[in-house]
Amino acid sequence: MLLAAPGQLVSVTALAQNPEMSAMAEEALAYPANHARAEEIYLLRPDLVLAGEYSTGPTVAMLRRLGVRVEVLPPAESIPAIRDQITHIGTLLDREAEAADLLARFDTDLKAATEHRDRGRAALYYANSFTSGGDTLAGTIVTAAGFRNIADDYGIRFTSPLPLELLVMSRPDRLITGAKWPGQSRSEAILDHPALAMLSPEKSEVTDADWVCGTPAVLNAIRSLE
Amino acid sequence: MKPLFTLLILLTAALVLASILTGPAGIDGLAGLKALILGGDGPVPIVMQEIRLPRAILGLAIGAGLGLTGAALQGYLRNPLAEPGLIGVSGMAALGAVIAIQTGLSVTAPLALPLAALTGAAIGVGLLMALAGPRGGSVTLILAGVAISALAGAGVTLVLNLSPNPYAANEIVFWLMGSLADRSILHVALAVPPMALGAVLVWTTRRGLDALTLGESAAGSMGVSAGGLRWRLVAGVALIVGPATAVAGAIGFVGLVVPHVLRPFVGARPSVLLPASALGGAVLLLAADIAVRLILPERDLKLGVLTAIVGAPLFLHLIWKTRSGGRV
């Protein structure tokens, strides 16, 4: 949506219209939604389909067999990966100039957003006691905002469970918890545990749509950690 | 008799202490105990008071509750296969708890969670007694239990799959297998008072259960009211199993194994077996809860997995004995 020429983008996935997960949900509402099913996508007769790595394999294989060009993009989990992705999509869409433009703005904003001294220790904590380390997008955002991620203390690079006890013992200055989904669940109840409240870090935040995907929207996430 | 109780009490106390001192944070034992009792600043008192203490208390209370209800149900139904987990009472309690959580009732009124689970457990145990009757044979009892368990399990799965929350479906495992991980002092406050009330109710049935071992007519002639005994048991079992399941999920086999192991030591007298089973249940559950933290500390191995590994072979053994004739 950031790079396509008017009329070039014919449909977005329904997930892009979900404000819980998409940083551009409002803009996405202007496009017809699809639900990543081979049949409906084929009927749109696209020249190019951009799929995520989480898209179901059989759907991608089916579209390719039907002669549709499908480009599978890996999720961008770091700042260099986001930059590469912008250039890559620009090339795929024949919009190199716009991509270079976007990249330049991204770099300027990133520089402005990340000029920080060391701001203390931060902990990411999600439902089912999961935390994210440095090789994930959330970890990248936390580090870019000038925090030291406590997951590093325990050698966690990716997203894996961290016992509540260890989280408390590491005494983070900031606690960033996962967003709550509609409906109730026991898995999310861990975020209401009194021990987390007693830990009383100076401030705690909740991750939102800006944290989900490696796009220029991560700048908003970095700024939100002020 | 005396040495058995002394041994069980000492074992329980030791395991409570071990439970408080076990955890991933690797806190030094003496420092941890000091922080637990005296409090202080820093993360250690939070870990000890808010994370480990509730876990130890719940292990003690739920284990004791399950052991006690197992012994009481076996005494009343005069059938060693009766056990809250196997006969579907825990499953019905889990269904009640899941409904309370998914409808949002438990958020508006915290008491709704144990109350809904209690109602589920009461329906389960009431249904079972109606189906199997006071003289129901093993087969009727187990068939009724299988039907109630299956119904409750299907209900839990259905409710969790209907939830808009992406995590809900994964929680089916918790409700079927049980866990004490990261429970807080709030859960203790919700579960322990009704469980204590239930234990008192069950305790009052001990003389009646003793009389019942001589047969129903003998018990009647000794002044035991069959109806009163039944209702006290149903209410007591529901008050114990309901809140226990609401905070820790359905943990099976504790009420089966413990009375079976202890019965030879106390003679077949329910009035002695009840307190012995309560202590034995606490010992078994605390030990299992320490084991899940030592075997796979990072995976939150479910408690019910361990109790089933111990309990299911015993259950098979009991069925085998029933099959080869004679009552067990």
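Colleague: Why is R171(A) called partly exposed?

Modeller: R171(A) has 14 other C-beta atoms within 10 Å. A residue is buried if 20 or more other C-beta atoms lie within 10 Å of its own, exposed if 12 or fewer, and partly exposed in between, with C-beta atoms placed from the backbone. R171(A) therefore counts as partly exposed. This is a predicted model, in which local features need pLDDT of at least 70 and side-chain atom pairs count only at pLDDT 80 or more, while totals for chains, interfaces and linings use all residues. Residues are numbered from 1 along each chain as its sequence is written, and chains are lettered from A and ligands numbered from 1 in the order in which they are written.

Colleague: What makes S129(A) count as buried?

Modeller: S129(A) has 21 C-beta neighbours inside 10 Å, and therefore counts as buried.

Colleague: Where are S129(A) and R171(A) placed, and what is the phi of S129(A) and of R171(A)?

Modeller: S129(A) is in the loop between strand 5 (121-125) and strand 6 (130-132) of chain A; its phi is near 65°, a positive value in a residue other than glycine. R171(A) lies in the loop between helix 7 (164-169) and strand 9 (174-177) of chain A, and has a positive phi of about 45° although it is not a glycine. Helices (H or I, at least four residues) and strands (E, at least two) are DSSP runs, numbered from the N terminus.

Colleague: Why are helix 1 and helix 3 of chain B called roughly antiparallel?

Modeller: Helix 1 (residues 2-21) of chain B and helix 3 of chain B pack at an angle of about 150°, with their axes 8 Å apart. Axes are lines fitted to C-alpha atoms, for helices over the stretch in contact, and angles run from 0 to 180 degrees between N-to-C directions. Angles under 35 degrees count as roughly parallel, over 145 as roughly antiparallel, 65 to 115 as roughly perpendicular and the rest as oblique. The two helices are therefore roughly antiparallel to each other.

Colleague: Which residues of helix 1 of chain B make the contact with helix 3 of chain B?

Modeller: Helix 1 of chain B contributes T12(B), V16(B), S19(B) and I20(B). Residues are in contact if their C-beta atoms, placed from the backbone, lie within 7 Å.

Colleague: How many residues does each chain give to the contact between chain A and chain B?

Modeller: Chain B gives 26 residues and chain A gives 25. Helix 3 of chain B gives the most to the side of chain B that touches chain A, with 5 residues.

Methods
Two residues are in contact if their C-beta atoms, placed from the backbone, lie within 7 Å.
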